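Subject: Structure handover

Hello,

Here is the structure for your use, with the sequence alongside. My notes follow below.

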Amino acid sequence: LRVVVLISGGGSNLRALLEECRDPAFPAHVVAVGADRAADGLAHAEQFGLPSFTVPYSSYASRDEWGDELLAAVQQWQPDLVVLSGLMRLLPPRVVEALAPRLINTHPAYLPEFPGAHGVRDALAAGVAQTGASVIVVDTGVDTGPILAQERVPVLPDDTEHSLHERIKPVERRLLIDVVRGIAEGSLRLGSASTPLTPTPP
Ligand code: GRF
């Protein structure tokens, strides 16, 4: 399964996926890494000898123009799956429609709880005892797509946004790897954009 990963930040989830791909038995491989800015995480692509590309959001007059450029850059790698892993930009609807349903996103909360760019901070502010991690199919909403996998993560009384996020990320990575494996093996079928997902029991 040919995978393109898009990031904006440190790419710890990307790194975990790249390390898993080292296992020849893992049925997917990352063919390129893209970013909307000079993301630190692009260094992981370099370390793994992978091509990378940057489509800087700030270089375009509109989200749509940026989106069209990003879509063209992604499609040149002919991915079977596009993974958003810490991409901190909303994709324009026409980009989502061009890629979905083979377009998934990791989110550091137990969706539909705490969607959006500050899921960890919002959970902490809400004073909940547990939050979580989720992997979803991207749709044109904000973290509203069908849930492929999710797991609860406890919030501790003395948690900061950072400590809570660092506890969530390992769970996110494991869920992401399991979902990519499931998609590659066909055990997790991504319905067409209109029909709901039908994850077959393992
Ligand atoms: C991840 O928790 C991702 O779900 C969220 O931002 C974080 C990115 O972390 N959108 P990293 O760049 O993978 O370290």
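How many of the residues of strand β6 are buried? The count is 7 of 8, so strand β6, which spans residues 130-137, is mostly covered given that buried means under 20% relative accessible area. Please keep in mind throughout that this is a predicted model.

Strand pairing

Strand β6 has a partner in β5, to which 4 bridges join it in the antiparallel sense. Within that pairing, H107 stands opposite S134 in β6. Strand β6 also runs antiparallel to strand β7 (residues 147-154), and here there are 7 bridges.

The bridge partner of L84 in β5 is N105. L84 of β4 also has L6 standing opposite, and β1 and β4 run parallel, joined by 4 bridges.

In a regular strand the side chains alternate between the two faces of the sheet. For β4, L81 and V83 point one way, while V82 and L84 point the other way. These four residues are all buried.

Two loop serines

S8 sits in the loop between β1 (2-7) and α1. Is S8 buried or exposed? S8 has 4% relative accessibility and therefore counts as buried, the cut-off being under 20%. The side chain of S8 makes a polar contact of 2.7 Å with the side chain of D36.

S85 is in another loop, the one between β4 (81-84) and α4 (93-99). Its relative accessible area is 5%, so S85 is buried too. Between S85 and R181 there are 96 residues of separation in sequence, and the C-alpha to C-alpha distance is 16 Å.

The largest pocket

The volume of the largest pocket is about 800 Å³. Its lining is made up of 35 residues, and those nearest the centre are G86, L87, M88, N105 and T106. Two or more lining residues come from each of α1 (12-21), β5 (103-107), α5 (119-126) and α6 (161-185). Which element gives the most to this lining? That is α6, with 4 residues. Sorted by class, the lining has 17 polar, 12 nonpolar and 6 charged residues. N105, one of the residues nearest the centre of the pocket, is also the β5 residue that bridges to L84.

The ligand

The ligand is surrounded by 13 residues, and G11, S12, H165, K169 and E172 are the closest.

- E172: a polar side-chain atom lies 2.3 Å from an oxygen atom of the ligand.
- H165: an N or O atom in the side chain is 2.6 Å from an oxygen atom of the ligand.
- G10: a backbone N or O atom lies 3.3 Å from an oxygen atom of the ligand.

Regards

Notes
Residues numbered from 1 in each chain as written. Predicted model: local features only at pLDDT ≥ 70, side-chain atom pairs only at ≥ 80, totals over all residues. Heavy atoms only, no water. 1 Å grid on protein atoms, 1.4 Å probe; cavity = no way out; pocket = protein on both sides within 12 Å on 5 of 7 lines; lining within 4 Å. Points joined across faces, edges and corners; volume = space filled by probe spheres on them. Nonpolar A, V, L, I, M, F, W, Y, C, P; charged D, E, K, R; others polar. Buried < 20%, exposed > 50% of the residue type's maximum accessible area, 1.4 Å probe, protein only. Pairing = 2+ DSSP bridges. Near = heavy atom within 4 Å. Polar contact = N/O pair within 3.5 Å; in protein donor to acceptor, adjacent residues only side chain to side chain.
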